[in-house]
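Please read them alongside the sequence and the coordinates.

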Amino acid sequence: MKVSASDPNFGGKVPHLMCGKGDIADIVLLPGDPGRVAMFASLFDRFEIIASNREYTVGTGEYQGRRISVCSTGIGAPSTEIAVVELVELGAKALIRVGGTGVLQKEIACGDLVINTAAVRQGGSSIFYAPPEYPAVASHQVVTCLLEAGEKRGKACWTGISASIGSFFAGQGRPAAGIDFTTEDVCEKYKRLNVINMEMESETILTLGSLFGVYTGCICAVHANRETDEWLYDFEPAQREMCLTALDASVLLYERCLDKAVSK
């Protein structure tokens, strides 16, 4: 028996995001931190919080005449999977991750922007949907819009592959409670593969987006450089620039893709 995520027992709302159809815009930006939704609210022309439940805070507003939603996913693949599935069920047509990341290339500075073209699938949840050899690839339309928006804002933008990992400590080569559980140099392993950054959510979004037929992308502000051991302790200015870049890119994506789809 096929069961809809928007079960009637929840009043027509999906059970985790606690939103119904009509609450969500065609484009949804996906920060991990619920607190980052408040930062977005200050950048919109008009913005309203729709729901707040567990790690999910959802708001929808208007930016440069375009309706855009923001939904926090929490940390890691399992909670991101829930958000993606429920947003697709509600009618989202584009999902763009916006977050923070650590980079592996010494030439990438803290505060720069990374726009991922694809991701190594180490998140854990997407394996239940597609075999390991199925690629996690961003939509080229979204990558192009993000790049153009970032360059127009004068930001240094780097493109490449992310290692999207379902572990913050051991999986990213960090000691856990003072104990080193790793048997190899994780950073060196991914550098040999020409991976440029590590984070925890993008591969889930990119893989599921391909399966469900929605546009996907990922843009992150650089919070740390693991090669140079530099860290950005006040990352709010970089996050703000990333959020504005994602909003400008969303306007471009409407103009180039979503508006045309509606007119057909």
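**Notes on the predicted model**

1. Thr216 counts as buried because its relative accessibility is 1%; buried means under 20% relative accessible area, exposed over 50%, and partly exposed in between, with a 1.4 Å probe and protein chains only. Thr216 lies in strand E10. Helices (H or I, at least four residues) and strands (E, at least two) are DSSP runs, numbered from the N terminus. Leaving aside neighbours within four places in sequence, Thr216 is in contact with Leu95, Val137, Ala138, Ser139, Val142, Ile205, Leu206 and Gly209, where contact means heavy atoms within 4.5 Å.

2. Residues are numbered from 1 along each chain as its sequence is written, and side-chain values use heavy atoms, with hydrogens and water left out.

3. The protein has six helices and eleven strands. Its radius of gyration is 18 Å, which agrees with the value near 18 Å for a compact globule of 264 residues; the radius is taken over C-alpha atoms, and the globule rule is 2.2 Å times the number of residues to the power 0.38. The C-alpha trace spans about 50 × 45 × 35 Å along the principal axes. Buried residues make up 51% of the 264. Of the contacts with a separation of 6 or more, 76% are accounted for by residues 24 or more positions apart.

4. The largest nonpolar core has 42 residues, and those with the most contacts inside it are Ile27, Leu29, Phe40, Phe44, Ile219 and Leu247. Such a core is a set of buried Ala, Val, Leu, Ile, Met, Phe, Trp, Tyr and Cys residues joined through side-chain atoms within 4.5 Å. Elements that give two or more residues to this core include strand E1 (27-30), helix H1 (35-41), strand E10 (215-225) and helix H6 (236-263). H6 supplies the largest share, 13 residues. Leaving aside neighbours within four places, the contacts of Leu29 include Phe40, Ile68, Val98 and Leu247. A second, separate core of 20 residues includes Val58, Val88, Ala92 and Leu95.

5. Helix H5 (residues 202-212) is mostly covered, with eight of its eleven residues buried. Among them are Glu203, Ile205, Leu206 and Gly209. Gly213, which follows H5, has a positive phi near 75 degrees.

6. Two residues other than glycine deserve a look for their backbone angles. Most residues other than glycine have a negative phi. Gln64 has a positive phi near 50 degrees and is placed in the loop between strand E3 (56-63) and E4. Ala177 has a positive phi near 55 degrees and lies in the loop between strand E8 (157-165) and helix H4 (186-192). With 83% relative accessibility, Ala177 counts as exposed.

7. Lys13 is found in the segment before E1. Its relative accessible area is 34%, so Lys13 is partly exposed. Lys13 and Leu252 are 239 residues apart in sequence and 30 Å apart in space, C-alpha to C-alpha.

Note on methods. This is a predicted model: local features need pLDDT of at least 70, side-chain atom pairs count only at pLDDT 80 or more; totals for chains, interfaces and linings use all residues.
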